[in-house]
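Please examine the sequence and the structure shown below. The briefing that follows treats selected features topic by topic.

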Amino acid sequence: MFPMNAALDLLQSVFGYPSFRGQQQAVVEHLAEGGDALVLMPTGGGKSLCYQIPALMRQGTGIVVSPLIALMQDQVDALREAGVAAAFLNSSLGADEQREVERQLLAGELNLLYVAPERLLTPRFLGQLERTEVALFAIDEAHCVSQWGHDFRPEYRELAILHQRFPAVPRIALTATADPRTREEIVERLSLQDARQFVSSFDRPNIGYRVGLRHNAKRQLGEFLQGHAGESGIVYCLSRRKVDDTAAWLAEMGVEALPYHAGLDAATRMKNQQRFLREDGVVMVATVAFGMGIDKPDVRFVAHLDLPRSIEGYYQETGRAGRDGLPAEAWMIYGLSDVVTMSQMIAQSESADERKRVERQKLESLLAYAEATGCRRELLLGAFGETYPGPCGHCDNCIAPPPTWDATVPAQKALSAVYRTGQRFGSGHVIDVLRGEETERVLALDHHRLSTFGIGAEMDEKQWRSVFRQLLAAGLLEADAEGYGTLRLTAASRSVLSGGRQVKLREDARPERASRRRRDSKLAANDKSRGSSLGIESWEQDLWDALRALRTQLAKQQGVPPYVVFHDATLLAMLRAMPANEDELAGVSGVGEAKLRRYGRDFLAVINAPA
Ligand code: ADP
Ligand code: ZN
């Protein structure tokens, strides 16, 4: 139906990219030919092109449903920069502006129109759509239909109406949420049973993962930031007070740091967010309230000063780093006091008991991740049901394997205590038995008469908890699905009990040990050899700064964020390619025809200025 290379032509001429990534081309072709699609791709995977290009290939306007009003403006700006006729409709527009967009829609002048779901669902707008040609419907952030997710939006559930009212228009739903339960719900709620599913790996190969114990948060953060001077990043803290405190401290240290949390007034929040988006090198110190829908491509690091709530949350938050595919870092420090705080927060919340149990289990798996000795990427992807053929060579545990001790004997004791108590209890009770505590429950159940009673008195409760978490993470124990925390043996447990399998636990989970300091210095040495995230060499620094300054100046003139003009990845490609003329500049990834015309001369002048 379409010339073989129509999609590729558009990719190159409009967006300036030489080739498709991953499954993009398959999705684009499927949609261009009228098929429905469900696309699961990690953040930064390149979801937008999956509907933008088919919208340009097909007759009519592509309608994009997005829950994030704040983002529409940037997306539309970026498309217009690339020469695409794009607009948005949401409550931020005045009446005249809205009427003008509607006129353009009805006149068939738009390639793409972004709308908020509540707007799309009005009878008036649906009626207008019936009077125009619709190229496709793209439902972005499709996980918003799911109540299990964190971003539930009731209006999303009504989007099934699109299928009924416009059966001939292809639909594409996109999300970066990997969990299978959410995926099923999207299919069901949006009537996408016949849609082809395009599931990508959720790996983020350009992100390096690092987790450590917190001993002096400010000093540790300061050292970490030395490797990220002048770069944009997010620092997550659990409480508002800690956000304010940390932001103020960083500002004193000369870092461009701003606070963001729900306790600040809306105007301040907005102002800080705008600066983060529009200036180079701002560090946002924030609670989890910040980040949903932040599309900034050049966030070079995400730091956690406290434990997040779950692996899903952690993966989503760290996923905000490095959307542009350039090197980025996910760094976290945590303390056992976090566990106490989080447990209290869960216990005191208004949630139903079932929900609290689930939250407790999520916290446990996150701790198991934090204390893991193996490849972190393997564990993270495993949590989303993906088998990663690790080790990755790009996380702290791969770079500097943590010192471990042989915990086979304690593991055997733990497993046999689980077995002797009938596989009916959580770790708390089993630890009491191991440590020989004559609690009321132990006595009532006669567990002080068991052969395992008191066989683990040599370790304290904290150490035992860590042993149990590691056993769970390694699949040597399993918890009940209902979330009561009841532990059972698994098929793999036998090999440990029979002495056929060794269990290793990390030694640095105990504070202040010489081995930990040795490891820290090994990691630090690794950082030094790496220089800055993007590997700008000292002799390139002046040109790099000049390119960024020109970009900022052009962006300011047009009132758009700098990355709408060119991404870091594109500036970096210019720096390395040193194009001498427009032809050579056109060959740089990210320079499409419209941008070449608009900015080519300015950038060439900077690149070729006599030094
Ligand atoms: P997502 O919505 O999946 O998080 P985006 O659509 O925002 O990802 O794309 C992430 C980044 O990758 C953007 O900077 C985009 O311009 C870039 N990108 C997408 N596809 C390609 C490609 N084929 N070649 C080069 N860069 C691409
Ligand atoms: Zn690894």
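The side chains of Arg 551 and Asp 280 meet in a salt bridge, with N and O 3.3 Å apart; a salt bridge is a side-chain nitrogen of Lys or Arg within 4 Å of a carboxyl oxygen of Asp or Glu. The pair links distant parts of the chain, 271 residues apart: Arg 551 is in helix H24 (residues 541–558), and Asp 280 is in the loop between helix H12 (266–278) and strand S11 (283–286). This is a predicted model, in which local features need pLDDT of at least 70 and side-chain atom pairs count only at pLDDT 80 or more, while totals for chains, interfaces and linings use all residues. Residues are numbered from 1 along each chain as its sequence is written, chains are lettered from A and ligands numbered from 1 in the order in which they are written, and side-chain values use heavy atoms, with hydrogens and water left out.

**Salt bridges**

- Arg 551 is buried, with a relative accessible area of 0%, whereas Asp 280 counts as partly exposed at 23%. Buried means under 20% relative accessible area, exposed over 50%, and partly exposed in between (1.4 Å probe, protein chains only).
- Helices (H or I, at least four residues) and strands (E, at least two) are DSSP runs, numbered from the N terminus.
- The count of salt bridges comes to 33.
- Another salt bridge joins Arg 153 and Glu 118, whose closest N and O atoms are 3.4 Å apart. Arg 153 lies in the loop between S5 and H8 and Glu 118 in helix H6 (residues 117–120), so the pair ties together parts that are 35 residues apart in sequence.
- Arg 153 is partly exposed at 22%, and Glu 118 is partly exposed at 38%.
- Arg 488 pairs with Glu 478 in a salt bridge, the closest N and O atoms being 3.6 Å apart. Arg 488 belongs to strand S16 (residues 487–489) and Glu 478 to strand S15 (residues 477–479), 10 residues apart.
- Glu 100, Arg 103 and Glu 109 are linked in a network of salt bridges.

- Cys 375 counts as buried, at 8% relative accessibility.

**Nonpolar cores**

- The largest nonpolar core has 137 residues, and those with the most contacts inside it are Ile 53, Leu 113 and Ile 172. A nonpolar core is a set of buried Ala, Val, Leu, Ile, Met, Phe, Trp, Tyr and Cys residues joined through side-chain atoms within 4.5 Å.
- Apart from this core lies another, of 23 residues, among them Ala 414, Leu 471, Val 503 and Leu 505.

**Positive phi angles**

- Glu 141, a residue other than glycine, has a positive phi near 50°. Glu 141 is found in the loop between strand S5 (134–139) and helix H8 (161–165).
- Asp 446, also a residue other than glycine, has a positive phi near 65°. Asp 446 is found in the loop between helix H20 (440–444) and helix H21 (461–473).
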